[in-house]
Every structure is written in structure tokens, then in C-alpha cells.
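Please keep the sequence and the model in view while reading.

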Amino acid sequence: MATVKEKTKTKTETLNIEINGRKHAAKKGQTILDVAAEIGIDIPTLCHDPRIKPYGSCRVCLVEVEGARGPLVACATEVADEMKINTETDAIKELRKLSLELLISNHWADCIAPCVKACPAETDAQGYIGLINQGRYHEAVKLIKETNPFPAIIGRVCTRPCEDACRRNLVDEKVSICWLKRFVGDFDLNSENRYRPQKAKDSGKKVAVIGSGPAGLSCAYYSAINGHDVTVFEAKPEAGGMLYYGIPAYRLPKDLLDKEISTVTELGVDIQKNKALGDDFTMESLQKDYDAVFLGIGAQVASKMGIEGEDLDGVLGGVDILREIGLNKKPEVGRKVAVIGGGNSAIDTARSSVRLGAKEVTLIYRRSRNEMPAHEIEIKEAEEEGVKLKLLTNPSRFLGKNGKVNGLECVRMELGEPDESGRRRPSPVKGSEFKIEADMVIVAIGQNIEVEKTGVKSTERNRIQIDNNTLQTSIPNVFAGGDAVVGPDTAIGAIAAGRRASIAINQHLAGEKIKLEDKSFSAEKFGISKEDFKDEPKAKSVKMPDIKVSERKGFKEVEEGYSEKEALKEAKRCLECGCIKQNDCDLRDLSQEYGVDATRFEGGEMLHFDIDARHPFVKQD
Ligand code: SF4
Ligand code: SF4
Ligand code: FES
């Protein structure tokens, strides 16, 4: 039993405080942080460690105390009687954000590797390259398929923004990330015990997907994993959308495409081919029979130049001719073919024309080679096959005789300041007109969308209008993504959009408010240069084996794929740029939570330290 003296002492040591409006009896000697923790109020901390004396250096635990001259650090401020504390005001949140931004400004590190950050699907390239390095191929595929169901396809056709961003470019040349993905995707597809994802239990909900292109199939794949009953409607005889009808078989063999698409049907997804919206079903009928609809109709109508002579016989759209090839029709091409455009579709059209027997194929592009959206390797392979590039050139009209095209009048272009796409804007050079002979002209400058068929609202640019936060169209249970929303984009962009839509659909079907995560926060090594890698041993990228130019007559696949030995050698080149703490880091989590702008104080002098491990449990890196 306590003595009177002891009772008096206890009484005097009890402090009445108020924290976020809640009254509490605190003990003398407790910090604001201790008291908050005791009553379940979370105050963020970074430098605080109960084993060491509070130092108050990171300032992310700032709180407001009534009557104080400024914000106080909760970890080092002891409570006082009648103290009124507020931990969650807007001003405090702003100050914490500022503290985090100051910390990040001198935190020379990459949470996520640049290759991962550059990928529209945020596929963990560093992770799967690491698994390939250890020979854990099925696990590598499992990791890829968390964000991209089609490693073998994308490993062949991706525009590879990850490789452009790869840090290894500062040492010698990029890691061939996509070819590694292709290797492991092929390995898994051809193995007896290929990776099969675990499905959630049957939700009892039905999802209709219109279009079996990369966006539609990606949405179908993840929706099936989420336990929904999915039906895909495809207007054409084969599944794959632009993957089937827009990419020639020498880049993406049809049997490989079908095989990887079968990993979607294996999940129970029903792909109904030759079923077109408007002809075989309507939006009304789908809404009656399904709980949610995803529109992944792509952009399939060739854009026009809008210049004189475009209706002449022999002037065609790039997607139209690629579609004919996809349908196995072997269209007739002219002797002298001119292809207009600088993207992958233009290159595909030009290379296909060579294979279909054209004697001379000229690719006309209005900017320079540096600005061509097509991937460098595709341009190089096209040149090897005889395609001539006519750069800084734009057609001003198509020429013809008796209703048939026989050439183009072109004008030379020069480059000015960058436009909204970041590429330098081309403008015509006065009086520079000249003629190019051609008995076939293929316009491959982009594609349009048939929005009107869908009955949902469109944007001014004739794309499907969606709410960017929920991906819902003007009809709430109808979602959309891919080219139909953003215009012609990459296959990996469409895959990312399809997956995102599957998350939105899943939340919607569960009756939840749709909340899609933004790209996750990542600190970045600003100002990194070749100098930082001067001691890194050089090792050139392993070349992709390909068939000889003389053998590239038909539509046989040109690139043959890495052997296991080659893949392992290439995987070893990865610098493992992303931080090992990326999935378990308070600084990163708080930066995400407080919406930190990692670039806010960019440009100041970065302090570099050697690792200091003298302290028993604090290591300065
Ligand atoms: S995960 Fe954490 S420790 Fe690693 S780089 Fe990002 S913020 Fe820094
Ligand atoms: S070196 Fe490896 S981790 Fe770094 S960017 Fe390249 S592929 Fe990614
Ligand atoms: S946790 Fe309080 S100042 Fe760092």
C-alpha cells in the first residue's frame, strides 16, 4: 500500500493534457510521442530510436502545441500540464512534407530502378533479371505477370522505354531487358509446368470485354484472377487485336501469339471471335447480361494525311495493309512503294512490303532519324533489308494518272523548337518541292478510333472519355482503356491500362469506392553521370542472334532469341540499381503518404559520405 507521501508524489506527477481534442492523464517525463502512442495516435518518425537520446534531427514528427512559438518535435518534447497538442493540422502536414523533401533532396539513392520507373506497367525488371541470374525462371515469369501477362509477346514487340532509361547506358550500353523477358517468357511457355496464377474464389460477377487487343486481354486476365466470369468479344477471326493484325509475323509469330493468349483462356476466359459490337451484340444487351464492361476497342482506322490525291488508287493506310497480311491474304504491293511515317507501324509496313516483293521501298519521315518513334533496332533491320529512309521530308500532294497514284510531291523540312510531344517541330523549307516516284503509297501516320459505335461520350479528339480517377466512361459500369482512350500507344501501355481497369472493375463490383494508386514514390540519383561508373568493369551487351538478311524473304521470325547461356551472361550485366529497402522503408512510405516532390530541392550540392558503421546500431550510408 502506498504511503501518503508517495500518493502525493504520484498526484503531482500526473499531467492533464489534451491531444487532438482527447483529454488524457500523462506522466511527467513522457514525450508527446510517448503519450500519442499510448492512446493510439500515430505521429510519423524517422530518426527516433527508443535506444538513443532524442536528437530531433529529421523533423517529421512535428506537432502543434497551443501557445508555443512554433511547431515542436514530438519525439524530444516532454509533455507539460494543461498542454494542448494537435498532430494533424494542414500546416503541420505541410511542414512534415517540407522536412521530408529536404531529407530526400540529399538522399542520393534510387528507391526503384530507372528501368522499372520507365516501364508504363512498372514491371519489376530488376527483380526478374535477378531471378534469371539465379536460374529461377518460373519465378521470374510469376513476377513479370504481376503487371504484364505477356512476357513472350512484349519481349518481342516492346518499344523498350526501360532500356532507354537503363543505368548501364552510363557504363557501356543498356542491359537487354526485353530480350531477357522474351527468353524467360519463351522458357515458361515451352515448359511442362508453366506458371499458372492462383485465381480468387468465384465472385459470381460477369465481366464483358470488347476487343482482344493487349488492353482487353490484360483486363480479362486480371479480372479472371480476381474471380470474375469473363467473356471477350472480338470482331475479327483471330484474337490479339493489333498484336495479330498490326505486327507482322517476322517480329511476332502467330503461333507464339496464340500460345501466350491461351494462358488467358486457361483461366476460364471465353474469347468469342467474329463477334462485332453493333452487329452481333449491343451495349444495351451487354449491360443487361454483365455486371461490368471494359471497352478495349483500340484505334484501328488509318489516319489520313488530308492532302490532294489521297483518294487515288494505290494510296492505302498502313493498318489496312498490315491487317490484310494478318488475315493471310498476301496483298499485292507495287514495285516502288513509298511509306509515310516514322513509327513502328510505318517500319512494319515498309519491311512487309519488301517481303511481299516490292523492288524499292522508301520510308518518308518529316523529322530526323533521332525523332523517329520506331525503335532503333527496327530501323536498323529495315535498312539491312533494303528500306531507304527519306528523312526531313513531307508529302504535299499525291500525284497520279488515270486515277492511279504514280508518285508524290514532297517538300523538305527543317526542325525548330520542341513541340508538346518534346520532339522538335518540323516546318517546310520554302521552294524545296521535289518529286518521288511511287506506284503505291502507304500512309502509316497513326490511327483513329470508332467511338460512335460504343454509345459512350467522346472527347474533342474523338477518343473515349473517361474519368481518369475511376476509368469509368459516361456509363458507370462501362470502363475503358488503351488506344481507344489515349490514342495510338504502345502495347505495354495498353497492358498497363487493361490491368488498371481490372482493379477499378474489381473495386466497383465489390461495391467499394474506386481508388487507384498513383505511381509510387521513388527517390532518384539526380545528376548521375558516366563519372560515377568509371570503375565499373565494362561488358558489352550480348547480341541477339538473328537470321541472315538473305534468308529474310518470307515472314519467318528474324530474331531468334537468347540461349540460356546468353541470357545468363546478359543478366549478369544488371547493376541492381533499385534500393534493397524499397519494400520496407519508412522514408519512402512517408514520402508517398505526404505526396513528396523528390525534385523540389533538386540542384543543390549533394553530400557524399563513406559508409560509417562505427556506432553499434546506427549506420550512416
Ligand atoms: S527505399 Fe528508402 S532507403 Fe531506399 S532509396 Fe528509397 S527512400 Fe532511400
Ligand atoms: S542496370 Fe539493371 S536495375 Fe539498373 S536500370 Fe538497367 S536493368 Fe534496371
Ligand atoms: S523522429 Fe522526431 S525529429 Fe526525427
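Does L471 count as buried or exposed? L471 counts as buried, because its relative accessibility is 8%, where buried means under 20% relative accessible area, exposed over 50% and partly exposed in between, with a 1.4 Å probe and protein chains only. The model is predicted: local features need pLDDT of at least 70, side-chain atom pairs count only at pLDDT 80 or more, and totals for chains, interfaces and linings use all residues. Residues are numbered from 1 along each chain as its sequence is written, chains are lettered from A and ligands numbered from 1 in the order in which they are written, and side-chain values use heavy atoms, with hydrogens and water left out.

**Domains**

- The chain is divided into domain 1 (14–105), domain 2 (206–300 + 462–509) and domain 3 (304–448), with bounds from an automatic or database domain assignment.
- The centres of domain 1 and domain 2, taken over C-alpha atoms, are separated by 50 Å.

- Around ligand 2 are the residues A113, P114, C115, Q126, I129, C166, R167, I177, C574, L575 and C577; a residue is near a molecule if one of its heavy atoms lies within 4 Å of it.
- This shell divides into 9 nonpolar residues, 1 polar and 1 charged, where Ala, Val, Leu, Ile, Met, Phe, Trp, Tyr, Cys and Pro count as nonpolar, Asp, Glu, Lys and Arg as charged, and the others, Gly among them, as polar.
- At least two residues of the shell come from each of helix 4 (114–118) and helix 5 (125–133); helices (H or I, at least four residues) and strands (E, at least two) are DSSP runs, numbered from the N terminus.

**Helix 20**

- In helix 20 (residues 586–593), the buried residues are L587, R588, L590 and S591.
- These buried residues line one face of helix 20, because they fall within an arc of 165° when seen down its axis; the arc is that of the directions from the helix axis to the C-beta atoms.
- Helix 3 (90–105) is included in what covers the buried residues of helix 20, contact meaning heavy atoms within 4.5 Å.

**Aromatic pairs**

- The whole structure holds 8 aromatic pairs; rings of Phe, Tyr and Trp (its six-membered ring) pair if their centres lie within 6.5 Å, and planes under 30 degrees apart count as stacked, over 60 as edge-to-face and the rest as tilted.
- Y137 and F183 form an edge-to-face pair, because their ring centres are 5.3 Å apart and their planes are at 85°.
- This pair links distant parts of the chain, with Y137 in helix 6 (residues 137–144) and F183 in helix 9 (residues 177–189), 46 residues apart.
- Y137 is buried at a relative accessible area of 5%, and F183 is buried at 8%.
- F233 and F281 form a tilted pair, 4.5 Å centre to centre with 40° between the planes.
- F233 lies in strand 7 (residues 229–233) and F281 in the loop between strand 8 (270–272) and helix 13 (283–289), so the pair ties together parts 48 residues apart in sequence.
- Both F233 and F281 are buried.
- Y137, F183 and F187 are linked into a cluster by ring pairs.

- Most residues other than glycine have a negative phi.
- L471 is not a glycine, yet has a positive phi of about 65°; L471 is placed in the loop between strand 20 (447–448) and strand 21 (478–480).
- E82, a residue other than glycine, has a positive phi near 70° and is found in the loop between strand 4 (72–73) and strand 5 (84–86).
- E82 counts as exposed, at 58% relative accessibility.
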